[in-house]
Amino acid sequence: MHRTGELYGQFETMEQQREAASLGMWVFLVTEVLFFGGMFMTYTLNRSTYPDIFGEASRSINLTLGAINTVVLIGSSLTMAMAVWASQVGKKQLVTIFLISTLVLGSVFLAIKAVEYHEKFVEHHVPGFNFSFEPGASIATNAHAQLFFSLYFAMTGLHALHMIIGAGLLLWLIKQSMRGRFTPQYNTPVELVGLYWHFVDIVWIFLFPLLYLIDRH
Amino acid sequence: MVGTMLTVYAATIDLNRYFSGLNIIVALVIATCKASLVVLFFMHGKYSPKRTQLVIVCSVFWLAIMLFMTMSDYLTRPWS
(Lines give C-alpha, C1' and ligand atoms only; values in the text may rest on other atoms or scores of the structure.)
Protein backbone atom coordinates (compact mmCIF):
# COMPACT_ATOMS: atom_id res chain seq x y z
CA MET A 1 0.00 0.00 0.00
CA HIS A 2 1.39 3.39 -0.86
CA ARG A 3 0.88 6.11 1.68
CA THR A 4 3.06 9.00 0.73
CA GLY A 5 1.60 9.47 -2.70
CA GLU A 6 4.45 8.29 -4.94
CA LEU A 7 3.76 7.39 -8.54
CA TYR A 8 3.11 3.75 -9.30
CA GLY A 9 4.97 2.12 -12.16
CA GLN A 10 1.96 1.52 -14.38
CA PHE A 11 1.01 5.20 -14.52
CA GLU A 12 2.69 7.98 -16.44
CA THR A 13 1.60 10.94 -14.34
CA MET A 14 0.07 11.57 -10.92
CA GLU A 15 -2.95 13.01 -12.67
CA GLN A 16 -3.50 9.75 -14.54
CA GLN A 17 -3.09 7.75 -11.34
CA ARG A 18 -5.70 9.89 -9.58
CA GLU A 19 -8.16 9.61 -12.45
CA ALA A 20 -7.76 5.83 -12.55
CA ALA A 21 -8.54 5.61 -8.84
CA SER A 22 -11.69 7.70 -9.07
CA LEU A 23 -12.81 5.87 -12.22
CA GLY A 24 -12.45 2.58 -10.34
CA MET A 25 -14.54 3.93 -7.48
CA TRP A 26 -17.21 5.04 -9.92
CA VAL A 27 -17.34 1.58 -11.49
CA PHE A 28 -17.90 0.14 -8.01
CA LEU A 29 -20.67 2.69 -7.45
CA VAL A 30 -22.34 1.57 -10.69
CA THR A 31 -22.55 -1.95 -9.28
CA GLU A 32 -24.03 -0.41 -6.13
CA VAL A 33 -26.61 1.49 -8.17
CA LEU A 34 -27.76 -1.79 -9.70
CA PHE A 35 -27.62 -3.53 -6.30
CA PHE A 36 -30.06 -1.00 -4.86
CA GLY A 37 -31.77 -0.91 -8.27
CA GLY A 38 -33.12 -4.42 -7.76
CA MET A 39 -34.86 -3.24 -4.62
CA PHE A 40 -36.24 -0.15 -6.31
CA MET A 41 -37.52 -2.44 -9.05
CA THR A 42 -39.34 -4.66 -6.53
CA TYR A 43 -40.72 -1.56 -4.87
CA THR A 44 -42.02 -0.07 -8.15
CA LEU A 45 -43.71 -3.31 -9.10
CA ASN A 46 -45.43 -3.86 -5.75
CA ARG A 47 -46.44 -0.26 -5.38
CA SER A 48 -48.07 -0.23 -8.81
CA THR A 49 -49.91 -3.44 -7.86
CA TYR A 50 -51.14 -2.30 -4.41
CA PRO A 51 -51.15 1.53 -4.54
CA ASP A 52 -53.74 2.12 -1.80
CA ILE A 53 -52.26 -0.15 0.87
CA PHE A 54 -48.80 1.25 0.16
CA GLY A 55 -50.18 4.74 0.73
CA GLU A 56 -51.80 3.74 4.01
CA ALA A 57 -48.73 1.92 5.27
CA SER A 58 -46.49 4.82 4.27
CA ARG A 59 -48.61 7.27 6.27
CA SER A 60 -47.87 5.27 9.42
CA ILE A 61 -44.14 6.05 9.19
CA ASN A 62 -42.86 9.03 11.17
CA LEU A 63 -42.50 11.79 8.56
CA THR A 64 -40.90 14.35 10.89
CA LEU A 65 -38.04 12.03 11.81
CA GLY A 66 -37.59 11.06 8.16
CA ALA A 67 -37.41 14.69 7.06
CA ILE A 68 -34.96 15.58 9.84
CA ASN A 69 -32.83 12.63 8.77
CA THR A 70 -32.83 13.83 5.16
CA VAL A 71 -31.50 17.22 6.25
CA VAL A 72 -28.93 15.58 8.55
CA LEU A 73 -27.67 13.33 5.78
CA ILE A 74 -27.44 16.08 3.16
CA GLY A 75 -25.62 18.13 5.79
CA SER A 76 -23.15 15.29 6.29
CA SER A 77 -22.59 15.18 2.53
CA LEU A 78 -21.79 18.88 2.65
CA THR A 79 -19.20 18.42 5.43
CA MET A 80 -17.75 15.46 3.51
CA ALA A 81 -17.41 17.61 0.39
CA MET A 82 -15.70 20.26 2.54
CA ALA A 83 -13.29 17.61 3.88
CA VAL A 84 -12.36 16.63 0.31
CA TRP A 85 -11.85 20.30 -0.57
CA ALA A 86 -9.75 20.91 2.58
CA SER A 87 -7.55 17.91 1.77
CA GLN A 88 -6.98 19.19 -1.76
CA VAL A 89 -5.87 22.64 -0.62
CA GLY A 90 -3.77 21.15 2.19
CA LYS A 91 -5.59 22.47 5.26
CA LYS A 92 -4.76 19.50 7.45
CA GLN A 93 -6.65 20.54 10.58
CA LEU A 94 -9.79 21.38 8.64
CA VAL A 95 -9.76 17.91 7.05
CA THR A 96 -9.92 16.31 10.49
CA ILE A 97 -12.63 18.71 11.69
CA PHE A 98 -14.82 18.13 8.64
CA LEU A 99 -14.34 14.36 8.76
CA ILE A 100 -15.35 14.29 12.42
CA SER A 101 -18.44 16.42 11.73
CA THR A 102 -19.39 14.02 8.92
CA LEU A 103 -19.04 11.09 11.30
CA VAL A 104 -21.12 12.86 13.96
CA LEU A 105 -23.92 13.69 11.49
CA GLY A 106 -23.84 10.13 10.15
CA SER A 107 -24.19 8.80 13.72
CA VAL A 108 -27.11 11.18 14.36
CA PHE A 109 -28.78 9.77 11.25
CA LEU A 110 -28.34 6.20 12.49
CA ALA A 111 -29.59 7.10 15.96
CA ILE A 112 -32.77 8.66 14.55
CA LYS A 113 -33.20 5.62 12.32
CA ALA A 114 -32.99 3.41 15.42
CA VAL A 115 -35.76 5.45 17.08
CA GLU A 116 -37.92 4.98 13.96
CA TYR A 117 -37.30 1.23 13.95
CA HIS A 118 -38.22 1.11 17.62
CA GLU A 119 -41.56 2.80 16.86
CA LYS A 120 -42.29 0.19 14.22
CA PHE A 121 -41.51 -2.64 16.65
CA VAL A 122 -43.85 -1.13 19.22
CA GLU A 123 -46.62 -0.80 16.61
CA HIS A 124 -46.24 -4.45 15.48
CA HIS A 125 -45.32 -3.16 12.02
CA VAL A 126 -42.28 -5.39 11.67
CA PRO A 127 -42.98 -8.19 9.18
CA GLY A 128 -43.00 -11.64 10.65
CA PHE A 129 -44.69 -12.93 13.80
CA ASN A 130 -47.13 -10.63 15.59
CA PHE A 131 -47.53 -8.41 12.54
CA SER A 132 -50.73 -6.43 12.68
CA PHE A 133 -51.21 -3.36 10.53
CA GLU A 134 -54.45 -2.11 12.08
CA PRO A 135 -56.85 -3.73 14.51
CA GLY A 136 -59.45 -5.56 12.43
CA ALA A 137 -57.57 -5.28 9.12
CA SER A 138 -58.41 -8.01 6.61
CA ILE A 139 -55.94 -10.79 5.83
CA ALA A 140 -55.25 -9.27 2.40
CA THR A 141 -54.64 -5.79 3.85
CA ASN A 142 -52.28 -7.24 6.43
CA ALA A 143 -50.42 -9.23 3.77
CA HIS A 144 -49.97 -6.27 1.45
CA ALA A 145 -49.02 -3.92 4.29
CA GLN A 146 -46.46 -6.51 5.30
CA LEU A 147 -45.08 -6.32 1.78
CA PHE A 148 -44.60 -2.59 2.18
CA PHE A 149 -42.88 -2.94 5.55
CA SER A 150 -40.66 -5.74 4.27
CA LEU A 151 -39.47 -3.39 1.55
CA TYR A 152 -39.20 -0.53 4.04
CA PHE A 153 -36.94 -2.55 6.35
CA ALA A 154 -34.94 -4.14 3.54
CA MET A 155 -34.25 -0.85 1.77
CA THR A 156 -33.60 1.35 4.83
CA GLY A 157 -31.73 -1.53 6.47
CA LEU A 158 -29.41 -1.98 3.52
CA HIS A 159 -28.96 1.78 3.42
CA ALA A 160 -28.16 1.82 7.16
CA LEU A 161 -25.62 -0.97 6.63
CA HIS A 162 -23.93 1.21 4.02
CA MET A 163 -23.91 4.07 6.52
CA ILE A 164 -22.25 1.86 9.16
CA ILE A 165 -19.58 0.79 6.67
CA GLY A 166 -19.14 4.46 5.75
CA ALA A 167 -18.73 5.36 9.42
CA GLY A 168 -16.00 2.72 9.73
CA LEU A 169 -14.22 4.18 6.71
CA LEU A 170 -14.52 7.66 8.23
CA LEU A 171 -12.93 6.46 11.49
CA TRP A 172 -10.01 5.12 9.47
CA LEU A 173 -9.71 8.42 7.58
CA ILE A 174 -9.84 10.45 10.79
CA LYS A 175 -7.01 8.38 12.25
CA GLN A 176 -4.88 8.95 9.14
CA SER A 177 -5.84 12.58 8.95
CA MET A 178 -4.80 13.21 12.56
CA ARG A 179 -1.35 11.93 11.64
CA GLY A 180 -1.31 14.52 8.87
CA ARG A 181 -1.20 11.96 6.06
CA PHE A 182 -3.33 13.87 3.58
CA THR A 183 -1.66 16.51 1.46
CA PRO A 184 -2.59 18.25 -1.80
CA GLN A 185 -0.41 15.61 -3.52
CA TYR A 186 -2.00 12.65 -1.76
CA ASN A 187 -5.68 12.69 -0.82
CA THR A 188 -7.16 9.85 -2.85
CA PRO A 189 -8.67 7.99 0.18
CA VAL A 190 -10.57 11.11 1.27
CA GLU A 191 -11.85 11.64 -2.25
CA LEU A 192 -12.97 8.02 -2.74
CA VAL A 193 -14.67 7.68 0.64
CA GLY A 194 -16.31 11.01 -0.23
CA LEU A 195 -17.72 9.51 -3.44
CA TYR A 196 -19.05 6.54 -1.46
CA TRP A 197 -20.62 8.78 1.18
CA HIS A 198 -22.35 10.95 -1.44
CA PHE A 199 -23.67 7.83 -3.16
CA VAL A 200 -25.26 6.66 0.09
CA ASP A 201 -26.77 10.14 0.41
CA ILE A 202 -28.26 9.86 -3.10
CA VAL A 203 -29.85 6.52 -2.26
CA TRP A 204 -31.55 8.18 0.69
CA ILE A 205 -32.67 11.12 -1.48
CA PHE A 206 -34.74 8.59 -3.45
CA LEU A 207 -35.76 6.40 -0.50
CA PHE A 208 -37.24 9.34 1.38
CA PRO A 209 -39.97 10.41 -1.10
CA LEU A 210 -40.68 6.82 -2.13
CA LEU A 211 -41.13 5.41 1.38
CA TYR A 212 -42.28 8.38 3.44
CA LEU A 213 -44.21 10.60 1.06
CA ILE A 214 -46.89 8.40 -0.53
CA ASP A 215 -50.29 10.14 -0.56
CA ARG A 216 -49.56 12.57 2.24
CA HIS A 217 -52.43 15.01 1.85
CA MET B 1 -28.81 21.47 -0.61
CA VAL B 2 -30.70 22.07 2.59
CA GLY B 3 -32.80 24.55 0.62
CA THR B 4 -33.76 21.94 -1.97
CA MET B 5 -34.67 19.63 0.87
CA LEU B 6 -37.19 22.17 2.13
CA THR B 7 -38.79 22.52 -1.30
CA VAL B 8 -39.31 18.78 -1.39
CA TYR B 9 -41.03 18.99 1.93
CA ALA B 10 -43.33 21.82 0.85
CA ALA B 11 -44.07 20.46 -2.61
CA THR B 12 -45.05 16.97 -1.55
CA ILE B 13 -47.21 17.87 1.40
CA ASP B 14 -49.48 20.08 -0.69
CA LEU B 15 -52.55 18.77 -2.45
CA ASN B 16 -51.29 17.74 -5.85
CA ARG B 17 -54.29 15.93 -7.19
CA TYR B 18 -54.83 17.65 -10.51
CA PHE B 19 -54.40 14.28 -12.14
CA SER B 20 -53.53 10.98 -10.54
CA GLY B 21 -49.83 10.33 -10.23
CA LEU B 22 -48.76 13.97 -10.26
CA ASN B 23 -47.57 13.66 -6.66
CA ILE B 24 -45.11 10.88 -7.40
CA ILE B 25 -43.90 12.63 -10.56
CA VAL B 26 -43.20 15.86 -8.66
CA ALA B 27 -41.50 13.91 -5.86
CA LEU B 28 -39.26 12.00 -8.25
CA VAL B 29 -38.38 15.07 -10.33
CA ILE B 30 -37.25 16.90 -7.18
CA ALA B 31 -35.31 13.83 -5.98
CA THR B 32 -33.62 13.53 -9.37
CA CYS B 33 -32.66 17.22 -9.32
CA LYS B 34 -31.16 16.85 -5.84
CA ALA B 35 -29.28 13.70 -6.84
CA SER B 36 -27.96 15.43 -9.97
CA LEU B 37 -26.68 18.34 -7.89
CA VAL B 38 -24.90 15.92 -5.56
CA VAL B 39 -23.31 14.07 -8.48
CA LEU B 40 -22.31 17.22 -10.38
CA PHE B 41 -20.87 19.27 -7.52
CA PHE B 42 -20.25 17.15 -4.38
CA MET B 43 -18.93 14.25 -6.43
CA HIS B 44 -17.21 16.56 -8.96
CA GLY B 45 -19.04 14.91 -11.84
CA LYS B 46 -18.97 18.21 -13.69
CA TYR B 47 -15.18 18.41 -13.57
CA SER B 48 -14.44 14.72 -14.19
CA PRO B 49 -12.80 13.35 -17.32
CA LYS B 50 -15.11 12.13 -20.10
CA ARG B 51 -14.45 8.47 -19.23
CA THR B 52 -15.76 8.90 -15.71
CA GLN B 53 -18.81 10.81 -16.94
CA LEU B 54 -19.54 7.96 -19.35
CA VAL B 55 -19.51 5.49 -16.45
CA ILE B 56 -21.90 7.70 -14.46
CA VAL B 57 -24.35 7.97 -17.35
CA CYS B 58 -24.10 4.21 -17.94
CA SER B 59 -25.27 3.41 -14.40
CA VAL B 60 -28.42 5.47 -14.90
CA PHE B 61 -28.94 3.96 -18.34
CA TRP B 62 -28.69 0.37 -17.09
CA LEU B 63 -31.05 1.11 -14.23
CA ALA B 64 -33.52 2.58 -16.73
CA ILE B 65 -33.31 -0.55 -18.88
CA MET B 66 -34.10 -2.75 -15.88
CA LEU B 67 -37.06 -0.65 -14.73
CA PHE B 68 -38.44 -0.11 -18.22
CA MET B 69 -38.22 -3.71 -19.42
CA THR B 70 -39.63 -5.25 -16.23
CA MET B 71 -42.51 -2.81 -15.99
CA SER B 72 -43.40 -3.10 -19.66
CA ASP B 73 -43.70 -6.83 -19.02
CA TYR B 74 -45.81 -6.66 -15.84
CA LEU B 75 -48.06 -3.82 -16.96
CA THR B 76 -49.04 -5.67 -20.15
CA ARG B 77 -50.24 -8.92 -18.59
CA PRO B 78 -54.00 -8.88 -19.08
CA TRP B 79 -54.35 -12.43 -17.77
CA SER B 80 -53.03 -11.82 -14.24
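This is a predicted model: local features need pLDDT of at least 70, side-chain atom pairs count only at pLDDT 80 or more; totals for chains, interfaces and linings use all residues.
1. Which element gives the largest share of the lining of the largest cavity? That element is α6(A), with 4 residues.

2. The cavity. A search of the whole structure finds 1 cavity of 30 Å³ or more, and the largest cavity has a volume of about 40 Å³. From chain A, its lining includes A:Val84, A:Glu191, A:Gly194, A:Leu195 and A:His198; from chain B, the lining includes B:Phe42, B:Met43 and B:His44. Sorted by class, these lining residues are 4 nonpolar, 3 polar and 1 charged.

3. The second largest pocket. This pocket has a volume of about 320 Å³. It is lined by 15 residues, and those closest to its centre are A:Arg18, A:Ser22, A:Glu191, B:His44 and B:Tyr47. At least two lining residues of the second largest pocket come from each of α1 and α6 of chain A, with α1(A) giving the most, 5 residues. The class count for this lining is 5 nonpolar, 6 polar and 4 charged residues.

4. The largest pocket. Its volume is about 1,200 Å³. Of the 44 residues in its lining, A:Phe206, B:Leu28, B:Thr32, B:Leu63 and B:Leu67 lie nearest the centre. Two or more lining residues come from each of α1, α2 and α6 of chain A and from α2 and α3 of chain B. The largest share, 11 residues, belongs to α1(A). By class, the lining of the largest pocket holds 30 nonpolar, 10 polar and 4 charged residues.

5. The nonpolar core. The largest nonpolar core has 72 residues, and the members that touch the most others are A:Met80, A:Phe148, A:Phe149, A:Tyr152, A:Tyr212 and B:Met43. Elements giving two or more residues to this core are found in both chains: α1 (14-49), α2 (51-59), α3 (63-89), α4 (92-122), α5 and α6 (188-212) in chain A, and α2 (22-42) and α3 (50-74) in chain B. The largest share of the core, 17 residues, comes from α6(A). In soluble globular proteins, nonpolar side chains tend to be buried together.

6. Leaving aside residues up to four places away in sequence, A:Phe149 touches A:Ala57, A:Ser60, A:Ile61, A:Lys120, A:His125, A:Pro127, A:Phe131 and A:Phe133.

7. A:Ser177. Is this residue buried or exposed? A:Ser177 counts as buried because its relative accessibility is 5%, and the limit for buried is under 20%. The residue lies in helix α5 of chain A, which covers residues 139-178. Apart from residues up to four places away in sequence, A:Ser177 touches A:Lys92, A:Val95, A:Thr96, A:Leu99 and A:Phe182.

8. Chain B as a whole. How many helices and strands does chain B have? It has 3 helices and 0 strands, and its pattern along the sequence is α-α-α. Chain B has 80 residues, of which 28% are buried. Its accessible surface comes to about 5,300 Å², with 74% of that area belonging to carbon and sulfur atoms.

Technical notes:
Residues are numbered from 1 along each chain as its sequence is written. Chains are lettered from A and ligands numbered from 1 in the order in which they are written. Side-chain values use heavy atoms; hydrogens and water are left out. Buried means under 20% relative accessible area, exposed over 50%, partly exposed in between (1.4 Å probe, protein chains only). Accessible areas come from the Shrake-Rupley method with a 1.4 Å probe; for residues, only the protein chains shown count as cover. Contact means heavy atoms within 4.5 Å. A nonpolar core is a set of buried Ala, Val, Leu, Ile, Met, Phe, Trp, Tyr and Cys residues joined through side-chain atoms within 4.5 Å. On a 1 Å grid over the protein atoms alone, a cavity is a set of points where a 1.4 Å probe fits but cannot get out, and a pocket is an open set with protein on both sides within 12 Å along at least five of seven lines; lining residues have an atom within 4 Å of a point. Grid points are joined across faces, edges and corners, and a volume is the space filled by probe spheres set on the points. Ala, Val, Leu, Ile, Met, Phe, Trp, Tyr, Cys and Pro count as nonpolar, Asp, Glu, Lys and Arg as charged, and the others, Gly among them, as polar.
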